[in-house]
Amino acid sequence: MNRVSSIVFVASIVIAPALGLTQDINAMIPVKSHQFGTVAVASKTEYRFFINNNSNNTLHIQTVRASCGCTTPIVETPYIAPGQSGSILARFNTDTFRGKRGATLTVVFDKPYFTEVRLTVDGYIRQDMVFHPGAIDFGKRAQGQEHSQSAKIMYAGRDDWSVVEVLATKPWMQVDVKQESRAAQRANYVITVKLDASAPAGYFQDEVIVVTNDRNMPRVPLRVSGDLESELAISPQTVAIGAIKPGESVSRQLVVRGREPFLVESIKAAGFDVTFAAPTEAKATHIFSATFTPNGNNVGPQSGALVITTTGTSSRSAQAMVTADVRSK
């Protein structure tokens, strides 16, 4: 009897830490489910699941299994270093599937330990409506300027079907829709999306909503994405410090890009003292290490602005975010 008790006790010691670690990896994926809603045939329908590694160990994604061929999972960052973020892209295969579809994506981690996390996606692919191209992609454009891009809507079905309006989901995004042609049971429209000069810098992935007179499925999203490059940009946009105690220091690599060569004058982060080796040669891209030390008495989860400023009379600033879990001594 004593031997059995000892075996059970030892097993509980081995298993308990593993369970705790599994819960930690689950917490690193803030969103585990996504609904695509109603989408058109051949529309570019994707969702990016982010993984924020706030541990002290490198994560490795061994593989991702999909329960349905309607969704293709793509591991964008197999290895995720401490303090960095990675992602898994879920691509809804709207060109080959129709109707209501869904999938469970099983993410298999094998480092720093073996565990599985499940993600889910679902949506409805309608077959009477096609976007061409399947999404509006602005690509890389200069921030602070106006840009426009168009796509076509092609419909085959009812004689009286029509687009009522197209709704923008951001104030800096303007949308115009015009009927291009109409014949028996067919209609073609052109959607033009314009980004105004107030659109924020950085990568964006959004959508416009096509509203039709279809009573059953009146709202259909069209993906809109792009990368607006500012005069100064910081990467990563979120600097994850992870767990840290007052008085401790952690270094993170930063990449700062500009349209023209520049020098960095200062780096400031809310709640932290920041030190770095200031570059001495003006370049359009600087890669360097910055050291962060908590400078307050606040403990617990922290989140604040990280601001980098360049030198000279034409000084520029760029902003990112710094997060940390400051623990008491």
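These legends describe close-up views of one predicted model.

The C-alpha trace spans about 75 × 75 × 30 Å along its principal axes. Of the 329 residues in the chain, 38% are buried. The accessible surface comes to about 17300 Å². Carbon and sulfur atoms hold 50% of that surface. Take the contacts between residues at least 6 apart in sequence: 65% of them join residues at least 24 apart. The chain carries 33 positive and 28 negative side chains. The centres of these two sets lie 5 Å apart.

**View 1. Strands β2, β6 and β4 form an open sheet.**
The order across the sheet is β2-β6-β4, and the pairing is antiparallel. β2 (45–52) and β4 (71–75) stand at the edges. Each has a single partner strand, so one side of each is left without a neighbour in the sheet. From one strand to the next, the twist averages 20°. Eight bridges join β2 to β6 (residues 85–92). Look for Arg48, which stands opposite Leu89 in β6. Strands of a sheet pair through backbone hydrogen bonds, either parallel or antiparallel.

**View 2. Ala42 sits in the loop between β1 and β2.**
β1 covers residues 33–41. Ala42 has a positive phi of about 65°, although it is not a glycine. Its relative accessibility is 33%, so Ala42 counts as partly exposed.

**View 3. Strands β12 and β13 make a hairpin with two residues between them.**
β12 spans residues 173–183, and β13 spans residues 186–195. The two run antiparallel and are joined by ten bridges. Val175 stands opposite Val193 in β13. Gln185 lies in the loop between β12 and β13. Its phi is near 60°, a positive value in a residue other than glycine. Gln185 is partly exposed, with a relative accessible area of 45%.

**View 4. Ala269 is a buried residue in strand β19.**
β19 runs over residues 264–269. The relative accessible area of Ala269 is 9%, so the residue falls under the 20% cut-off for buried. Which residues does Ala269 contact, leaving aside its neighbours within four places in sequence? They are Val274, Phe292, Ala305, Leu306 and Val322. Ala151 is elsewhere: Ala269 and Ala151 are 42 Å apart in space, C-alpha to C-alpha. In sequence they are 118 residues apart.

**View 5. Strand β22 pairs with both β19 and β23.**
Five bridges join β19 to β22 (residues 300–310), and these strands run antiparallel. Val264 stands opposite Thr310 in β22. β22 also pairs with β23 (residues 317–326) in the antiparallel sense, over ten bridges. Here Gln302 stands opposite Ala324 in β23. β22 and β23 form a hairpin with six residues between them. In the turn, Gly312 has a positive phi of about 95°.

Pro112 is in the loop between β7 (99–111) and β8 (115–132). Pro236 is in the loop between β16 (232–235) and β17 (238–244).

Definitions and conventions: Residues numbered from 1 in each chain as written. Predicted model: local features only at pLDDT ≥ 70, side-chain atom pairs only at ≥ 80, totals over all residues. Heavy atoms only, no water. Pairing = 2+ DSSP bridges. Helix = DSSP H or I, 4+ residues; strand = E, 2+ residues; numbered from the N terminus. Axes fitted to C-alpha atoms, helices over the stretch in contact; angles between N-to-C directions. Buried < 20%, exposed > 50% of the residue type's maximum accessible area, 1.4 Å probe, protein only. Contact = heavy atoms within 4.5 Å. Areas by Shrake-Rupley, 256 points an atom, 1.4 Å probe, with all protein chains shown as cover. Lys, Arg positive; Asp, Glu negative; His and termini not counted. Charge placed at Lys NZ, Arg CZ, Asp CG, Glu CD.
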